[in-house]
Amino acid sequence: MAVITTTALVKEYPGGVRGVDGVDVTIADGEFFALLGPSGCGKTTLLRSIAGLESITEGALQIGDRDVTDLEPGERGVAMVFQDYALFPHMDVADNIAYPLKIKRVGKGPRRQTATEVGDGLSLDGLMQRRPAQLSGGQQQRVALARAVATRPEVLLLDEPLSNLDARLRLEARTFLKELQRELGVTTVFVTHDQAEALALADRIAVMKAGRLQQVGTPREVFSRPVNTFVAGFIGSTPMNLVESETADGAVRVAGAPVPLPAGAQGRVGDGAKVVWGARPEYLKWSTTPVEGGIEAEVSVIENLGASVLVSAHRGETRLQLVLDEDDEPAPGDRGWVLPTPRRSLLFDSETTDLIG
Amino acid sequence: MTGEPLLPQAADAPGPRTAAPPPSLGRRMVRHYLSRVLFVVAMGLVLAFFALPMLWLVTAPFDADPSLTVGWPDWTLANFARIAENRYALGSLRNSLVLGLGTMALVLTLGSLAAYALSRVRIPGRDGLLYALLLLSSIVTGTAAMVPTFQLITQIGLINTQIGVILVLAGGVLPTVIFILKDFMDSIPKSYEESARLYGASPLQILTHVVVPTARPGLAFVAVWTVVQVWGNFLVPFLLLRTPESQPAAVLMYTFYTEGGQPDLRLLSAFSLVFSVPVIAMYFLVNRRYGFRFHGGIKS
């Protein structure tokens, strides 16, 4: 079916700003692929370049075995769901879904039939005669999806597919979206700034910053082995603790306290190196008694997360955050020891911010 | 008024401020009511000033002997029969219709195409161009350009034709129309068109399937506004149409005199009413069908 390959893709705006700056990525057939990054990182520009809504300045884009770099959007075999869904307000649901077929000069009868079939598949039966304004947000999204898949595209592009839904509905739609993608087996690229969404939905994630790819990998890879401090800080529902430190005597000095070297960094860094020590709040433990390799700190703030709490502890100027079970909740002002898991900790080069191990 | 000072004494009055008592409650009430009455009377005069011509327009046509004053009519429908008796009256209404609808069609077609392009394509100096056009447009159909317009239309052989009038009138209203429609199209999200584009729609298909239907309230407004402009325009058709057969109603009215050289009020009043009805009817019809909505910056 359709593999998407970009080769040194560049999108330069008038004035020299590069929205996408030399992206090389191959998206496998049938893959659910996420473009993740903060606003302005170029993820939407890359998606729109694949769609053909932005002209490509340099590089090449292949969909399937065709070079589509200079093709019109309509000739690329891609469908896209926009962030605002872009349902035509003057057409009812059935006409909206059937619109791509109308352009392809399919007759009125078959058009209606396809619209009904696709609509039923997305539980839109009974809503076919309504106008978009008479639908809920979730229903509008399903109509937009139905319109996108009505023509059996080779590639489905989704621009922030869940951002316009209420928090509760978002979870539901997330599962629904994943099921639909599995069912259709269509190569799907979606853009999001929500790392949780990317982790939950995608087979692979591309993390972007300033128009460049930072890391491409499975959700597990980008979560546990971020290639640099940017990815480390961006992925995770609570940001990773990143502390400027120094190595000494085969250990890392985190705010003065000696902490064992992360497992992956053993033998890859000498003494006296300037490093950034990273540990996810979920992987830190709390001890009320002194422990070897623990970091003594004082609890300053406690935030309730439901079944767990987010504890902020200070050691001098250094703040460490850890997620603890609700049963182990300390009180503000308590002193104790933050205990890292060497297997889960990471070390980054302080200068290049790249992962050491 | 008594002339007694109502304000507290000026600064030169010595002693505490209590020296000047506030106006009594009764006097304040009187002042309040007096100002209300004066206000209502003034408003009434303004209202009468504007309402009298309207009243004349709806009563005079039904009066057996209309004058220039408003009065209870001596009911009759005979005045309307005079319209039919006039050789040019009905034809002039048809001419007005041709001019109005012709200009509207031309303006809507060209205006929406131009506005769409101006709204979607980045052109350096676009806003300046639009403002310049808007300013110049008042000259095209204005008094200042009477002579050159007449010469131009004569030279290209369109004198005494409806086409010539339509072209000049369309030229006059187009800048304003483009200005309004561009603003309207700016407010239509681009994702509608991009969506259609992704499905392979051509620019013309995008325009007819997506842009025109979503811009319909704006187009309806512009259509009505154009017809109203043309319907009431006197100068351009007066200059360019030289025979009574081709003149529109607004110009023909100018010739309604009796043999004695007096304005033929019986014909004039009835014709005026017939003349104004289509515009009002069109307003209600279009409003009902398409609705004049403003797509402002306020989320509805």
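**Close-up 1. Salt bridge between B:R126 and B:D127.** In this predicted model, the side chains of B:R126 and B:D127 meet in a salt bridge at 3.6 Å, N to O. A salt bridge here is a side-chain nitrogen of Lys or Arg within 4 Å of a carboxyl oxygen of Asp or Glu. B:R126 is buried, with a relative accessible area of 12%, and B:D127 is partly exposed at 41% (buried is under 20% relative accessible area, exposed over 50%, partly exposed in between; 1.4 Å probe, protein chains only). Over all chains, the count comes to 17 salt bridges.

**Close-up 2. Salt bridge between A:E54 and A:K11.** The N to O distance for this pair of side chains is 3.8 Å. A:E54 lies in the loop between α1 (43-51) and β4 (58-63), and A:K11 in strand β1 (residues 4-12), so the pair ties together parts of chain A that are 43 residues apart in sequence. Helices (H or I, at least four residues) and strands (E, at least two) are DSSP runs, numbered from the N terminus. Both A:E54 and A:K11 are buried.

**Close-up 3. Contacts of A:D21 with A:R212 and A:R18.** The side chains of A:D21 and A:R212 form a salt bridge at 3.3 Å, N to O. A:D21 is in strand β2 and A:R212 in strand β10 (residues 212-217), so this pair links parts of chain A that are 191 residues apart in sequence. A:D21 counts as buried at 15% relative accessibility, whereas A:R212 counts as partly exposed at 45%. Salt bridges that share partners join A:E12, A:R18, A:D21, A:E58 and A:R212 into one network. The side chain of A:D21 also makes a polar contact with the side chain of A:R18 at 3.1 Å (a pair of N or O atoms within 3.5 Å; within protein, one must be able to donate a hydrogen and the other to accept it, and residues adjacent in sequence count only if both atoms are side-chain atoms).

**Close-up 4. Negative surface patch on chain A.** A:D325, A:E326, A:D327, A:D328 and A:E329 form this patch. Patches of charge join like charges within 9 Å, from residues with over 30% relative accessible area and no salt bridge. A:E326 lies in the loop between β18 (318-325) and β19 (335-339) and is partly exposed, at 44%.

**Close-up 5. Positive surface patch on chain A.** A:R220, A:K285, A:R343 and A:R344 gather here. A:R344, in the loop between β19 and β20 (346-349), counts as partly exposed at 32% relative accessibility.

**Notes.** Residues are numbered from 1 along each chain as its sequence is written, and chains are lettered from A and ligands numbered from 1 in the order in which they are written. Local features need pLDDT of at least 70 and side-chain atom pairs 80 or more, while totals for chains, interfaces and linings use all residues; side-chain values use heavy atoms, with hydrogens and water left out.

Methods. Patch = residues over 30% accessible without salt bridge, like charges linked within 9 Å, V, L, I, M, F, W, Y side chains within 5 Å. Areas by Shrake-Rupley, 256 points an atom, 1.4 Å probe, with all protein chains shown as cover. Lys, Arg positive; Asp, Glu negative; His and termini not counted. Charge placed at Lys NZ, Arg CZ, Asp CG, Glu CD.
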